[in-house]
Amino acid sequence: MLEPLRQGLPPLNLAAASDAASCALPARYEAVREARRFTRKTLEQWDTGDRFDDACLVVSELVTNALRHALPAGTPRPTAPDPPVRLHLLRWTERLVCAVRDPSDDGPVARDPDDLPADFSAESGRGLFLVDAFSDSWGWHPLAGRLGGKVVWALFRLPHATDRSGPGA
């Protein structure tokens, strides 16, 4: 299942991004709330239309996965100035990419839908299923060089500005 996850991100010219923002996240679970807050604030400024809630949910899941699986309990937790997890938000005219960088070289493993917990109150096991359901595509890329680790990303298609303006706007 890992190979298809590396595919699917359309070519994106980073220099042509109309907006970009990123934030470093501490290696603690409160970082999920911080990531949601950062995403909400940023996307409100960017006027991302009806993808706002989807993107916030997906960012929560990506950051949770990075903290839970890329920084398992008992591993050393680096402190500032080099936090181990970083959230990147990039917007083009019609696309938004939410990406989370973490220090693990291990790729994400999506569960088979038939293996998901039957108990809907279960607190884990559905993260990548939700990312897949609420984004237009997602995947991951290993990082090379000094950084190491990987980036897990989710892509959202955004409506044209004219589509959002509606009648009388």
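Helix α3 has 19 residues, and at 1.5 Å a residue these should span 27 Å (the expected span is 1.5 Å times one less than the number of residues). The end C-alpha atoms of α3 lie 26 Å apart, which agrees with that expectation. Helices here are DSSP runs of H or I with at least four residues, strands are runs of E with at least two, and both are numbered from the N terminus. The structure is a predicted model, in which local features need pLDDT of at least 70 and side-chain atom pairs count only at pLDDT 80 or more, while totals for chains, interfaces and linings use all residues. Residues are numbered from 1 along each chain as its sequence is written, and side-chain values use heavy atoms, with hydrogens and water left out.

How much of α3 is buried? Of its 19 residues, 15 are buried, so α3 is largely enclosed by the rest of the structure. Buried means under 20% relative accessible area, exposed means over 50%, and partly exposed lies in between (1.4 Å probe, protein chains only). Across the 169 residues of the protein chain, 42% count as buried.

One partner of α3 (residues 52–70) is helix α2 (residues 30–46): their axes come within 9 Å and cross at roughly 150 degrees. That makes α2 roughly antiparallel to α3. Axes are lines fitted to C-alpha atoms, for helices over the stretch in contact, with angles running from 0 to 180 degrees between N-to-C directions; under 35 degrees counts as roughly parallel, over 145 as roughly antiparallel, 65 to 115 as roughly perpendicular and the rest as oblique. Residues that meet across this pair include A31, V32, A35 and L43 in α2, and F52, A55, V59 and V63 in α3; contact means heavy atoms within 4.5 Å.

The loop between α2 and α3 holds D47. Phi of D47 is near 50 degrees, a positive value in a residue other than glycine. With a relative accessible area of 47%, D47 is partly exposed.

R101 is found in strand β3 (residues 95–102), and at 18% relative accessibility R101 counts as buried.

Finally, the whole chain can be considered. Its secondary structure comes to five helices and five strands, arranged along the sequence as α-β-α-α-β-β-α-β-β-α. Among contacts between residues at least 6 apart in sequence, 67% join residues at least 24 apart.
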